[in-house]
There are 8 protein chains.
Amino acid sequence: MDRDDLRSMLERLSLGELAVDEVAEAVARLPYSDLGFARVDHHRHVRQGMPEAVYAPGKSPEQCAAIVAELLQAGTGPVLLTRANHAQARAALDRCPGATLTDVDATGTLQLLTWRAAPHRGRRVAVVTAGTADLPVARECLGTLAAYGLDAALVADCGVAGLHRLLAAADEVTAAEAVVVVAGMEGALASVVAGLTAAPVIAVPTSVGYGSSLEGITALLAMHASCAPGVVVVGIDNGYGAACALARVLR
Amino acid sequence: MDRDDLRSMLERLSLGELAVDEVAEAVARLPYSDLGFARVDHHRHVRQGMPEAVYAPGKSPEQCAAIVAELLQAGTGPVLLTRANHAQARAALDRCPGATLTDVDATGTLQLLTWRAAPHRGRRVAVVTAGTADLPVARECLGTLAAYGLDAALVADCGVAGLHRLLAAADEVTAAEAVVVVAGMEGALASVVAGLTAAPVIAVPTSVGYGSSLEGITALLAMHASCAPGVVVVGIDNGYGAACALARVLR
Amino acid sequence: MDRDDLRSMLERLSLGELAVDEVAEAVARLPYSDLGFARVDHHRHVRQGMPEAVYAPGKSPEQCAAIVAELLQAGTGPVLLTRANHAQARAALDRCPGATLTDVDATGTLQLLTWRAAPHRGRRVAVVTAGTADLPVARECLGTLAAYGLDAALVADCGVAGLHRLLAAADEVTAAEAVVVVAGMEGALASVVAGLTAAPVIAVPTSVGYGSSLEGITALLAMHASCAPGVVVVGIDNGYGAACALARVLR
Amino acid sequence: MDRDDLRSMLERLSLGELAVDEVAEAVARLPYSDLGFARVDHHRHVRQGMPEAVYAPGKSPEQCAAIVAELLQAGTGPVLLTRANHAQARAALDRCPGATLTDVDATGTLQLLTWRAAPHRGRRVAVVTAGTADLPVARECLGTLAAYGLDAALVADCGVAGLHRLLAAADEVTAAEAVVVVAGMEGALASVVAGLTAAPVIAVPTSVGYGSSLEGITALLAMHASCAPGVVVVGIDNGYGAACALARVLR
Amino acid sequence: MDRDDLRSMLERLSLGELAVDEVAEAVARLPYSDLGFARVDHHRHVRQGMPEAVYAPGKSPEQCAAIVAELLQAGTGPVLLTRANHAQARAALDRCPGATLTDVDATGTLQLLTWRAAPHRGRRVAVVTAGTADLPVARECLGTLAAYGLDAALVADCGVAGLHRLLAAADEVTAAEAVVVVAGMEGALASVVAGLTAAPVIAVPTSVGYGSSLEGITALLAMHASCAPGVVVVGIDNGYGAACALARVLR
Amino acid sequence: MDRDDLRSMLERLSLGELAVDEVAEAVARLPYSDLGFARVDHHRHVRQGMPEAVYAPGKSPEQCAAIVAELLQAGTGPVLLTRANHAQARAALDRCPGATLTDVDATGTLQLLTWRAAPHRGRRVAVVTAGTADLPVARECLGTLAAYGLDAALVADCGVAGLHRLLAAADEVTAAEAVVVVAGMEGALASVVAGLTAAPVIAVPTSVGYGSSLEGITALLAMHASCAPGVVVVGIDNGYGAACALARVLR
Amino acid sequence: MDRDDLRSMLERLSLGELAVDEVAEAVARLPYSDLGFARVDHHRHVRQGMPEAVYAPGKSPEQCAAIVAELLQAGTGPVLLTRANHAQARAALDRCPGATLTDVDATGTLQLLTWRAAPHRGRRVAVVTAGTADLPVARECLGTLAAYGLDAALVADCGVAGLHRLLAAADEVTAAEAVVVVAGMEGALASVVAGLTAAPVIAVPTSVGYGSSLEGITALLAMHASCAPGVVVVGIDNGYGAACALARVLR
Amino acid sequence: MDRDDLRSMLERLSLGELAVDEVAEAVARLPYSDLGFARVDHHRHVRQGMPEAVYAPGKSPEQCAAIVAELLQAGTGPVLLTRANHAQARAALDRCPGATLTDVDATGTLQLLTWRAAPHRGRRVAVVTAGTADLPVARECLGTLAAYGLDAALVADCGVAGLHRLLAAADEVTAAEAVVVVAGMEGALASVVAGLTAAPVIAVPTSVGYGSSLEGITALLAMHASCAPGVVVVGIDNGYGAACALARVLR
């Protein structure tokens, strides 16, 4: 129910076509359905312009399948199932065939499933990673971007210790309308990339590294303390969130 | 020196108009001047599309004035002096009159000075704050946005404990092309705002609060852990950085 | 032994009905039994008005069963076995049948067992959760409340990023005499709920989320830094503690 | 505007007494006034049942005075100015005489001002402190409780290292309908008090102590990890918050 | 080689019974044997008065057995193998029979093995625990004390939330020449015990608890911030270290 | 009132020499006096064998003087005023002359005052410091020890980076019945000293150092993680606590 | 392409032997090959003088083998595969036989593989460890040093609690041109070693220890806070990094 | 006393030229003098090859002057007084004229004083800083290097967000035998520099930055997590320590 619906309803009330009680109840009955274990929000797409995403961890395969089915039936936009294990993915695919699958960790244990991805929108986006180990996070980002109709270029393995590799990729980076930087360890790549382009730079710290990396805290803090102005940061390993942020930028 | 300059230089070398040594030296002599205590980067504007900003803390009043003067002379774009105390501001103004001043803390001790702000660009931007105490950070953000030619609306004092106040401002928020959310304490405002709009939401954690606020760490972590997808975060109290990020988005 | 008992004992001493040694020993022999591995406190119920609870982790199945049996035999009030795994639950049920079982994690591995729950007391209580993944903590809270005779309404999946869902449930929340808010990630729900009601709000941070959630530390800090006055907080994932706190409030 | 107002407005619309546009505007114009620097929320009292409180730090003396004056004029309930320094207190008193003053730190630098405290309600409440140094936080709590009409007993200096002192005060503690425990250092007093009473126990960690006290973090964590079930905790040094929580409990 | 040996050697050098080179080499060749993977220190017993202890984790079963055998052969005092898993324990027992075994975790996975424990010395020592879950750490402490010839009384399950239980055990505690307090969660027991006795109190924080217990950090900090003067603390879960400290006290 | 007093009182009750009410009141009236702002505990000396200590910070000069005077009048043992500033020290001395003063920081701002120190007891104790900057903490320890009648040797400036200096002092260290090690920075001195002696070693981490020293946290953690068994640790900069711990050891 | 190549290319351009486009492209085509999942950097050896190292975790066995093969084919220097599990090691060995294997954890699960180690260079290097449990990290360091042609002496089990053992090894330590100190727990060995030698001392904190060791954070902080000037530190458990640092020192 | 002295002493003992007691005493009397408040170590220069440094904070001006005088009299090498305030510097200069002064903070409050700096040794060293605010730490490093006879080039203001500036300085960096990198904020400069040179790279994290910089912790962690192998790190703001480390490298 948007503002026009409300106004129209008020007008019908003023015309005697609706009763006061009906209007009160209509306002109270907000437009989501109730599956018992999760309130599915059909209108988030309208409100936020984002695909519906179901976060699989902690849900049973049956719950995953049921929520996906409900979302597909209720709306017409993209639907994602994120970080699904094999049982969850299978249950959702069995009930709702036709999804695209993306591996989002090194061992293929977790997957991103996409139904009804938006058509390609022809925007130029780059996802840059520091090392091979950052690829799973990058893939979750790329898969989510695809659901939004954004077909990003992957520029992998550009750690700052080998500057010439990043410089070789500089054209690709500077040509992009927006850049996602995925980096663990010291996360320095975000600062360097932001120094090369005036486009939005969204930094994703990853938990890649050991010991002093503190499972991504070091990269998160370093990206926030970046000497390059205008870098923005999302949560650790949150490739999905970076894609959503980028989609907000390129609406 | 941009790529065209390089190409043209190589062509002149091939034509015998330049010597190999000249070209080597030209490449080596990158285009910044050297004041002895700080390398002033004339070309950052070209590369990043951002105004030049001088971070005052730790510099003497004379250093502040000299760097500002050099930047004004070398380029034509906006120049900012950020977080200047009274002595620094006075020295810079004496040497380079004509700046706009913005108080960026509650007691008027620190100021933002802007020379040659860009003309207004007519974009709709909102800066939303949770409480009165967040205003200094918001003002630094607003002042920096103004230097970019972005005239943002300030929607102040919308803490989530008084939802009806935020809802009253919802139109202003949802109409904006991009929103900056400035909040300390638990930083929950970012999640709520991001649930109201599909536009980019840039969250600035502030050090407002005491005890468990941990001088902004709590808000920073909470904003990163936001349940609303696509929120991006800058550093604690970094209103300047949020403005730069927003300017990247609205290039 | 309460104060009246003591006084009566002193009087009997003064009347010569008791010997000094008897009184000294009686004071020394406090009323708990000793099972060898855990001192079972029969009088806690009187002193605190709370059911007896046995925390299963780190105890053998036999120990769990023996302590539960001792408590059931010694008193007449409710007895709980919290966070029991299957072996512990089975051992306790074999020795002491008739318990109610509640799953308290997503995979059904851990359970809450309740013997002799108090009769329903007809108080209006609400347990509100931010997301589906917070349900196990909510269930532990609900199960414990039931042992106290408190039959709480579960208002699930009301994350602040979808405000209209929370607003739809606002009646249920504001009608409650006390509210428990269960939320992970940024924990913002506690602030928003506390802004809607003047009743006691007990916030339970959960370890739901990844990366920047820091296994619940982020939510705990955020809830403490809440901009809504009068929010109180219990430990991370401590649904049992929240129920005990609420029972203290509604004695 | 409460629900009845809304309903009555809808009825008048249905009766043709109001135009659609009027109703739309009325809903949009939420009932707060705008002072320019802080939105004063007249309806919070209705919604939350709490006095209005103005947090002084970061506001100018003039701002403090203006907000207090606005609140006093707009409503009829208690108004507090918290953590005011001398200039802020004087400005507020000059404009709005008649406040009660409470010193809330050891040196008398910060004060709590109360206008129109609620009449005493005759509830039995105890505020227990571990040491003399915790008194300022306790005083802020007591002063705020007084504004709510709650006249609490202060039981000071009951650190757990001198158990007999706490036991001597046990009657006072167990007789209370609710207890606030104010303690720094290791914060153990909360666990011990919660073991003595079945009433609500609200723990306030203080920043008292040095070195390993970590400015209150140690006490906050320890109170959350309390072995006594049902202890709830507010933020570090947050005597005001504890009073608000207690007022929620004793509505 | 002690000081007398050195002096005697110098005297023999002065008498011509030893050559300069011999003396130099003797000083250089310190009295330990070299097994290749661990330097076994035969003289630590003399120097420190402590039994030899081998920390099993990270060593192969064969290494454990070899080091224990070497220590038993080289000296005459107690030898301990700490935190051995079953394979390590079996290998050591096969090669060196006759050890006493103590379970040092709840599941019996890790064990403490003691060879040649010192004879009982008749000192009065108490080990007090807060809860049943602290018993494994207490057992490691008790087992190590036994190797020193110290037969400690175990006073279990005396958490501060049930003060009357601790008070019932107060005689046992105050009669001891030294007390070890083993407690997780908020670790408040150390403060209370130290308030009851003037004897040395050695506090062992344990990792018992969840969420806000931070795996023992909370208890460690709380014990250090204790309001009872003269409490000393060892590392988290370090029952072995507490026993060594107590043995230093009761030499 | 000790156990014999209680027994005697019960006997007199049984003999009719005391009334039940008298006994009840006597038990209730625990033996401390109440100055209004701090409960002075006269019996702590009996219970704990420790001098009375007043912690000055946060108390007014008048409060300091009043509490000291009360303690001197009520008992006969040592009385300390710790960390007093000049105003507090003067007020206490004016009212209660005859104290010994010890500077406990580098600038002479804070002092320890001792009245009625116990006579020397002839025990051998050593206080070892790593650097000159650790001396204030060592002096607070030495001054407190003196109040207990313990005359400790100060072995200063023995940092582990100059091992030969510590080895030169080894005789003094190994001859002591107990050793206090005062060290900031990495705190390694505790491990080395504990390797040289079998006597009790009490480690005091200090906040000496900058940057990575984290104001003493680094030394505290390092001392707890010591590879030398049996090191015990007190809080950061807590020279007073170390002296109390040592006095417990040498009762 | 090094500077001479560039100069020669420019000269050929000036001589008309190369076209402007060719030069532009040559500069752009930096000399690495692209395997699709990882950009292999052939020129790092020239630029940094270091062997090529492939970090195995997070890569499939096939990826490990392919990258190693590419590196061996493209260059002539040493190639390392670090922290390989058995499957990764086997895949790499099957495709590229002839590697040296080093166990780098206690259980033989992870291995370091070295192809084409540099010939021994005859430098004197020592790797000193505090305890047996530090050996895996030391072995990774030794194995990497061997790839550089550096044959280091291992001086194991020299914890500071047994100073005489370290002193016995002092000759070996002081004779070395550079020393790596590998230590967990409190990491004090680095300070002591740095006090014995004027050579470079590279400290490697390890995650050895439990409880207060905080998985190496304690040792890392302690090594940074070392009282011995000139100690440098690498990341936790980073034996590989220490070897690379030492190789930089001994180029 | 070095090994030759010892040997010669033993020989004279064997020849009867010395008595056993004399030798014992000589060994015991280690060669430092005792000023009462600090043991001055004359032989550290021999043992470590480093100048003597006196850390001024926490010492009185008189103590500073006395220790410096003692060191100058006892030895012949360089002597430094680090982080001296004006009073300390004046006292030392009054007693020991002829020092070189270096400002080591932005406001000229703290100074480094050097007596008898070593003659220049002609080594090529570079100190690279990220920003102007890092200069004080760099100056302390440069001043200390000068005392060692090392005349380093300062390459200032090379933050990674302006890569072309660093690249312009690349020749200077790659030509150096060793490089010190001084950087706050995210500390990324260390990784980038280490990718440009195979020489030793010593990273100094500084406390420059605000909010998320955590007073240097962020930079310290990031430098340790560097993706460039072989970076070594010293403590926060420890320019003195970096110089000592570099001097060890270039002995």
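## A covered helix in chain F

A residue is called buried when its relative accessible area is under 20%. In this predicted model, helix α9 of chain F, residues 189-196, is mostly covered, with eight of its eight residues buried. These are Leu189(F), Ala190(F), Ser191(F), Val192(F), Val193(F), Ala194(F), Gly195(F) and Leu196(F).

An α-helix has 3.6 residues a turn, so residues three or four places apart point the same way. In α9(F), burial extends to eight of eight residues.

## Two aspartates with positive phi

Most residues other than glycine have a negative phi. Asp237(B) has a positive phi, near 65°. The loop that holds Asp237(B) runs between β11 (231-233) and α11 (239-249) of chain B. Because its relative accessibility is 17%, Asp237(B) counts as buried.

Asp157(E) also has a positive phi, near 65°, and is a residue other than glycine. Asp157(E) sits in the chain E loop between β8 (153-155) and α7 (163-168). With a relative accessibility of 10%, Asp157(E) counts as buried.

## The four-stranded sheet of chain C

Chain C contains an open sheet of four strands in the order β3-β4-β6-β5, and the pairing is mixed. Its edge strands are β3 (52-55) and β5 (100-103) of chain C, each of which pairs on one side only. From one strand to the next, the twist averages 15°.

The pairing of β5(C) with β6(C), residues 111-115, is antiparallel and runs over four bridges. Within this part of the sheet, Thr100(C) has Thr114(C) of β6(C) as its bridge partner.

Helix α4 of chain C, residues 61-74, lies across β3, β4 (79-84) and β6 of chain C. The helix runs at about 165° to β4(C).

How values were computed:
Residues numbered from 1 in each chain as written. Chains lettered and ligands numbered in written order. Predicted model: local features only at pLDDT ≥ 70, side-chain atom pairs only at ≥ 80, totals over all residues. Heavy atoms only, no water. Pairing = 2+ DSSP bridges. Axes fitted to C-alpha atoms, helices over the stretch in contact; angles between N-to-C directions. Contact = heavy atoms within 4.5 Å. Buried < 20%, exposed > 50% of the residue type's maximum accessible area, 1.4 Å probe, protein only.
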